[in-house]
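Hi,

Here is the structure I promised to pass on to you. Have it open while you read, and click on the residues as they come up.

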Amino acid sequence: MARVVRTDRELELPGVDAALRAAGHELLLLPEGVPERTLIEELREATLLLMCYTAITRRVIDAATKLKGIVKYGVGIDAIDIAAARERGIPVVNVPEYAEETVAEGAFALMMALAKNHKGIEKAMSRDGWAWPERRWLAADLAGKTLGLVGLGRIGSSFARMAAGLRMRVLAYDPYVKDTVADLRGMLAESDFVSIHCVLNAQTRHLIGEAELRAMKPTAYLVNVSRGAIVDEMALLKALEERRLAGAALDVYSQEPLARQGHPLSALYAMDNVILSPHLTFYTREAMARLEADTLERCREVLEGRPVTVRSRDPRLRAQTRGVRFVG
């Protein structure tokens, strides 16, 4: 029997939890935002750590002397000190493929809602029961518009296919993909809609900053379903307040959860041209079934002492040399 710790219990994984307990393992569920000192104490005897959003720092990893693997049940790995894990020979793995189409669909839905002015019209319907065709409700066509994608990995590529189906002109900026545009600001200046689909790392933090936002058209919209910190959120807030952008749809934030009061981005709630989503574009029945199946298989590999399968192409995970096998 192994001790397994899973953080972020608010994201329910009933199939994974039940299977681990049925196999005789001791499973401890910890809440999102668990203090570092508590996590350190609970991991002292743990063989396996499952996490989603909780920061896994060097101090946490160094104190977990019996840890054999870290499984991120999701895609983004920016919350894990992977260098510290690699030094200890602790494999780190994520689940990169479970929601490629799902998140792309979510981003596409947000773009559609912005273009069609759904938030304002829905509020008017809820308040007044009807909305007449006044100029303030004028929406926009997507056909013929230019979409700029920041990142052309799995999700970005799925989004591009969807946009092409609506006869949108698609541009993409991705230094790791051939035949994409080399000038980010130039692409932003041409785009009617910009959607972010890159990972968060040292190179992409605040990739979309003050200068990039100023490069965008005042009629353009920004969609972010990747990581909040890819955008300089204070610069975005200022651009929206000054009406230098037509609007934005956000599913991710540097500081989560978002809150109506006391959060740096609380002012966004009052803006009719801003759609706020609670980091749930990944959350569908089908995607969660795939996530649970892949997560459980990675857990079994760790607990049975087998090499852990890494499907991600992220160089931070591909740099691992012990306890892993690479696929794809």
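**What I found**

Let's start with burial: 50% of the 328 residues in the protein chain are buried. Keep in mind as you look around that this is a predicted model.

**The whole chain**

If you count secondary structure, you get 12 helices and 13 strands in the protein chain. The C-alpha trace spans about 65 × 45 × 30 Å along its principal axes. Does the overall size agree or disagree with a compact globule? For 328 residues, such a globule would have a radius of gyration near 20 Å, and the protein chain has 21 Å, so the two agree.

Now the contacts. Taking those in the protein chain with a separation of 6 or more, 61% are between residues 24 or more positions apart. As for the surface, the protein chain exposes about 15600 Å², and 52% of that is supplied by carbon and sulfur atoms. On the charge side, there are 45 positive and 43 negative side chains. The centres of those two sets lie 2 Å apart.

In soluble globular proteins, nonpolar side chains tend to be buried together. Here, the largest nonpolar core has 72 residues. Which residues have the most contacts inside it? They are Leu 43, Ile 56, Ile 70 and Met 111. Helix α5 (residues 100-115) gives this core its largest share, 9 residues. There is also a second, separate core, made of 33 residues, with Leu 171, Leu 200, Leu 240 and Leu 265 among them.

Leaving out residues up to four places away in sequence, Ile 56 touches Leu 39, Leu 49, Met 51, Ile 61, Ile 70, Ala 79, Ile 80 and Asp 81.

From there, hop over to Leu 39, which sits in helix α2 (residues 36-43). Is Leu 39 buried or exposed? Its relative accessible area is 1%, under the 20% cut-off, so Leu 39 is buried. Leu 39 and Thr 295 are 256 residues apart along the chain, and their C-alpha atoms are separated by 21 Å.

**Helix α10 and what follows**

Helix α10 covers residues 233-241. Its buried residues are Glu 233, Ala 235, Leu 236, Leu 237, Ala 239 and Leu 240. You've already met Leu 240 in the second core. What covers the buried residues of α10? The cover includes α9 (210-215), β9 (221-224), β10 (247-250) and β11 (274-276).

After α10 comes Arg 243, in the loop between α10 and β10. Arg 243 is not a glycine, yet its phi is positive, at about 60°. With 67% relative accessibility, over the 50% cut-off, Arg 243 counts as exposed.

You'll find Asn 117 in the loop between α5 and α6 (118-128). Asn 117 has a relative accessible area of 18%, which is under 20%, so it counts as buried.

**A few more loop residues**

- Pro 257 is in the loop between β10 and β11. Pro 257 is exposed, at 60% relative accessible area. From Pro 257 to Leu 149 is 108 residues in sequence and 26 Å in space, C-alpha to C-alpha.
- Ala 140 is in the loop between α6 and β6 (146-150). Not counting residues up to four places away in sequence, Ala 140 touches Ala 115 and Lys 116. Ala 140 and Ala 64 are 76 residues apart along the chain, with 54 Å between their C-alpha atoms.
- Gly 24 is in the loop between α1 (14-22) and β2 (26-29). Gly 24 is partly exposed, with a relative accessible area of 34%. The C-alpha atoms of Gly 24 and Ala 2 are separated by 7.9 Å, and the two residues are 22 apart along the chain.

Key. Residues numbered from 1 in each chain as written. Predicted model: local features only at pLDDT ≥ 70, side-chain atom pairs only at ≥ 80, totals over all residues. Heavy atoms only, no water. Core = buried A, V, L, I, M, F, W, Y, C linked by side-chain atoms within 4.5 Å. Buried < 20%, exposed > 50% of the residue type's maximum accessible area, 1.4 Å probe, protein only. Helix = DSSP H or I, 4+ residues; strand = E, 2+ residues; numbered from the N terminus. Contact = heavy atoms within 4.5 Å. Rg over C-alpha atoms; globule rule 2.2 N^0.38 Å. Areas by Shrake-Rupley, 256 points an atom, 1.4 Å probe, with all protein chains shown as cover. Lys, Arg positive; Asp, Glu negative; His and termini not counted. Charge placed at Lys NZ, Arg CZ, Asp CG, Glu CD.
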